[in-house]
Amino acid sequence: MNARPRFADFPVGASIPPLSRTVTREQIAAYAEASGDRNPIHLDDAFARSVGLDGIIAHGLLSMAFLGTMLTEWLGDPAALKSLYVRFSGVVRPGDTVTCSGQVTEAEEVTGAGGERVGRLRLSLSGVNQRGERVLSRGQAVVELPL
């Protein structure tokens, strides 16, 4: 396991370690069960084709979860992630590989919720599929790291 990142190691412009995940039909079905979103565009190829899609598609929030995984694996402490936002800008299909990446856009020292001094980073995030098409855009996150 890697040591937890520290504020001083990530100046403005630094990249965070990327993460890639290949989406499977089983993941999509499991996500539908867990989330309660059983929209047939996620589960039934015939229905998906009837509404103009090539087949079933993944839930946008499943793709967003990959961004969350990238951040929490990097941080080592899920509580360090303070906010996460993203726009779903492309369709993710079974078999697609989504690669998430992020870059520090702002860094400042602040007083944390517990009164201690911490480093707050604002991140720009995105996700692309194996064809280089952007499927997650305008992503933003705020994280707090030890000084």
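Reply: The turns below treat an aromatic pair, salt bridges and paired strands. This is a predicted model, in which local features need pLDDT of at least 70 and side-chain atom pairs count only at pLDDT 80 or more, while totals for chains, interfaces and linings use all residues. Residues are numbered from 1 along each chain as its sequence is written, and side-chain values use heavy atoms, with hydrogens and water left out.

Me: How many aromatic pairs does the structure hold?

Reply: A pair of aromatic rings is described by the distance of the centres and the angle of the planes. Rings of Phe, Tyr and Trp (its six-membered ring) pair if their centres lie within 6.5 Å; planes under 30 degrees apart are stacked, over 60 edge-to-face, and the rest tilted. The structure holds one such pair. Phe-10 and Trp-74 form it, edge-to-face, with 5.0 Å from centre to centre and 80° between the planes.

Me: Why does the pair of Phe-10 and Trp-74 tie together parts that are apart in sequence?

Reply: Helices (H or I, at least four residues) and strands (E, at least two) are DSSP runs, numbered from the N terminus. Phe-10 lies in the segment before strand 1 (15–22) and Trp-74 in helix 3 (residues 60–75), so the pair ties together parts that are 64 residues apart in sequence.

Me: Is Trp-74 buried or exposed?

Reply: Buried means under 20% relative accessible area, exposed over 50%, and partly exposed in between (1.4 Å probe, protein chains only). Trp-74 is buried at 9% relative accessibility, and Phe-10 is buried at 13%.

Me: How many salt bridges does a search of the whole structure find?

Reply: A salt bridge is a side-chain nitrogen of Lys or Arg within 4 Å of a carboxyl oxygen of Asp or Glu. The search finds nine. One of them joins Arg-4 to Asp-77, whose closest N and O atoms are 3.8 Å apart. Arg-4 lies in the segment before strand 1 and Asp-77 in the loop between helix 3 and strand 2 (81–88), so this pair ties together parts 73 residues apart in sequence. Arg-4 is partly exposed at 40%, and Asp-77 is partly exposed at 27%.

Me: Which residue forms a salt bridge with Arg-25?

Reply: The partner is Asp-45, with the closest N and O atoms 3.0 Å apart. Arg-25 stands in helix 1 (residues 25–35) and Asp-45 in helix 2 (residues 45–50), 20 residues apart.

Me: Which residues do salt bridges that share partners join into one network?

Reply: Arg-131 lies in the loop between strand 4 (117–128) and strand 5 (134–145), and Asp-96 in the loop between strand 2 and strand 3 (97–111), so the pair ties together parts 35 residues apart in sequence. Arg-131 is partly exposed at 45%, whereas Asp-96 is buried at 4%. The network consists of Asp-96, Arg-131 and Glu-133.

Me: How many bridges join strand 4 to strand 5?

Reply: Two strands pair if DSSP finds at least two bridges between them. Nine bridges join strand 4 to strand 5, and these strands run antiparallel. Arg-120 stands opposite Glu-144 in strand 5. Their hairpin has five residues between the strands, and there Gly-132 takes a positive phi near 80°. Strand 2 is also antiparallel to strand 5, through six bridges, and Arg-87 has Ser-137 in strand 5 as its bridge partner. Nine of the twelve residues of strand 5 are buried.
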